[in-house]
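Could you walk me through this one in plain words? I'd like to follow it with the model open beside me.

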Amino acid sequence: MNYLLLIYSNEAEFKALGETGLKKMSDEYTEFTKSIVQGGQFKAGDRLKPASTASTVRVRNGKTAITDGPFAETREQLGGYYLIEAKNLDEATAIAARIPGARIGSIEVRPIWPLTG
Amino acid sequence: MSASAAGNVEEVFRREAGRVLATLIRLLGDFDLAEEAQQDAFAAAIEQWPAQGMPDNPRAWLISAGRNKAIDRIRREVFFREKIFDRELAAAQCDVLAEIDESDEAIFGDDRLRLIFTCCHPALNAEAQIALTLREVCGLSTQAVARAFLVSEETMAQRLVRAKRKIRDAGIPYETPDPAVLDQRIDGVLAVVYGVFTEGYAATAGAQLIDVELCAEAIRLGRLLDTLLPGNTGVMGLLALMLLHDARRSSRVSDAGDVVLLDDQDRSQWDQAEISEGLTLVDKSLTARGQVSPYAVQAAIAALHVRAGDKQATDWPQIVGLYEVLLRLQPTPVIELNHAVAVSMVDGAARALDLVDSLAARGRVTQYHLLHAARGRFLQQLGRIEEAREAYGTALKTAALEPERRFLAARMAAI
């Protein structure tokens with residue numbers, strides 16, 4: 001099964017890690033990504049620019065409305081994601097727990113709806 | 001079918017239902033399909049057993065009948081909706097046809113554990129875990145589970161459907177967890193079993209104080225876990241705790257449905273068989289290797305109450321000591337409150353009142369009626385009558401259960 005691991009954290013707290021903290025975390029991410037690539041679970045993954053760069057699009061009655069900012073203002077913001085392949089939810093949550101960001105934020109684990117037909 | 005033959009068949013169904021379902025879920029990889037298959041198998045048995053006689057191994061018969069009925073169902077489905085589910089169904093069918101030795105007791109035990117761990121998976125919400133366990137592991141009807149939760153049957157049916165859908169769609173495995181995470185996951189299972197028990201022991205709202213059926217189901221689950229995971233300190237501790245509470249069940253409420261405090265309970269009514277089983281398990285859990293289980297410590301406290309011939313003989317200093325151990329393992333407000341009550345028996349009401357006031361000052365439990373009831377009692381013992389009356393009044397306002405409300409009102413009136 002494929003799972004999307006959505007990495008949420010508070011951007012302000014993230015900044016507060018400082019230069020050395022960020023460098024350390026970045027190294028840990030490199031290490032983690034390498035490990036799931038080698039394990040054959042990695043399908044895709046990226047870091048996102050801050051939520052302040054987000055735009056939200058809605059189409060209502062054929063009219064497109066674009067607004068500034070993320071879909072919802074929350075304490076923690078979506079900061080990145082991994083798309084992985086795992087045997088089941090237990091394997092997916094175990095991988096999510098190894099994401100460095102899990103220690104300061106939260107990882108939402110979402111099964112991918114397979115395309116049918 | 002003669003009445004006694006019908007009785008036998010029902011007996012077999014009751015005994016085998018849990019095992020048959022647990023194995024069918026593994027073979028078919030789907031809860032709903034397995035439930036239908038189980039019902040089909042039971043229906044076939046009612047039809048065939050009276051004429052052909054009960055098979056030598058009714059369980060294997062039921063599983064293989066259920067499996068075959070499920071294959072028929074799958075074939076029909078495939079015929080109608082070939083393209084969409086092709087691959088999944090082919091896989092399921094392949095599993096179904098895999099040969100297994102159905103007489104192997106170990107496999108059945110494993111399947112029941114798989115079912116328990118799946119129903120108690122932390123990715124399901126706490127209420128869904130309890131509901132699923134009662135429905136799938138204990139085999140309670142949806143109606144009975146709905147009654148336990150004080151919701152309509154329809155609401156409960158929807159909740160169960162949602163939980164089963166999450167199991168399927170999120171890929172919650174039908175597996176006993178790896179040894180690396182087993183201990184953590186057992187804690188979750190024990191929380192569910194204890195949740196069933198406490199739900200039964202003190203129904204959270206309404207007029208009836210004890211739901212006997214839920215207590216019995218929880219104890220049955222505890223015994224099952226003790227068989228499936230022998231020597232586990234947490235399982236033994238929890239089973240001991242439930243038995244020692246349950247032994248006093250009948251004396252906890254008067255004939256009129258009123259609360260009877262431990263001191264005033266008729267000890268001759270206590271269930272001696274449950275007590276001796278509970279006492280043996282406490283000792284086994286506390287002396288076994290492995291981490292000390294908070295359930296075992298609570299059971300040890302219950303054991304001291306039970307062992308004492310009367311309230312004067314109760315070993316309060318040791319109870320205070322055990323609460324201090326428990327507070328290190330599980331620092332919760334409820335345990336702090338119980339600790340304070342025990343302290344009042346050793347060091348007096350003044351020190352106990354300090355502890356309760358410090359707990360209340362941290363503001364986490366101001367809505368908890370027993371905190372105010374305890375304050376009232378300590379204040380009364382200290383002769384601070386007006387404040388005591390006020391504390392009982394607050395307790396009365398926050399208590400939800402009718403019998404507890406009557407008890408508090410009586411306390412207040414007696415000042």
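Start with the largest nonpolar core: among its 117 residues, B:Ala240 and B:Ala299 touch the most other members. A nonpolar core here is a set of buried Ala, Val, Leu, Ile, Met, Phe, Trp, Tyr and Cys residues joined through C-beta atoms within 7 Å. Buried means that 20 or more other C-beta atoms lie within 10 Å of a residue's own; exposed means 12 or fewer, partly exposed is in between, and C-beta atoms are placed from the backbone. In soluble globular proteins, nonpolar side chains tend to be buried together.

What does B:Ala299 contact, leaving aside its neighbours within four places in sequence? The list is B:Gly237, B:Ala240, B:Leu241, B:Leu244, B:Gly278 and B:Val282, where contact means C-beta atoms, placed from the backbone, within 7 Å.

A quick word on the ground rules: this is a predicted model, in which local features need pLDDT of at least 70 and side-chain atom pairs count only at pLDDT 80 or more, while totals for chains, interfaces and linings use all residues. Residues are numbered from 1 along each chain as its sequence is written, and chains are lettered from A and ligands numbered from 1 in the order in which they are written.

Now for some helices and strands, which are DSSP runs numbered from the N terminus (H or I, at least four residues, for helices; E, at least two, for strands). H6(B) is mostly covered, with 10 of its 12 residues buried. Among them are B:Ile130, B:Leu134 and B:Arg135. After H6(B) comes B:Gly139, which has a positive phi near 75°.

Over in chain A, S3(A) is another story: the number of buried residues among its six is zero, so this strand lies largely in the open. S3(A) and S4(A) make a hairpin with two residues between them, and A:Asn61 in the turn has a positive phi of about 50°.

Strands pair if DSSP finds at least two bridges between them.

| Pair | Bridges | Residues standing opposite |
|---|---|---|
| S3(A) and S4(A) | six bridges | A:Val57 and A:Ile66 |
| S1(A) and S5(A) | eight bridges | A:Leu6 and A:Tyr81 |

Chain A also has an open sheet of four strands, ordered S2-S5-S1-S6, with antiparallel pairing. S2 and S6 of chain A stand at the edges with a single partner strand each, so one side of each has no neighbour in the sheet.

Key: Two residues are in contact if their C-beta atoms, placed from the backbone, lie within 7 Å.
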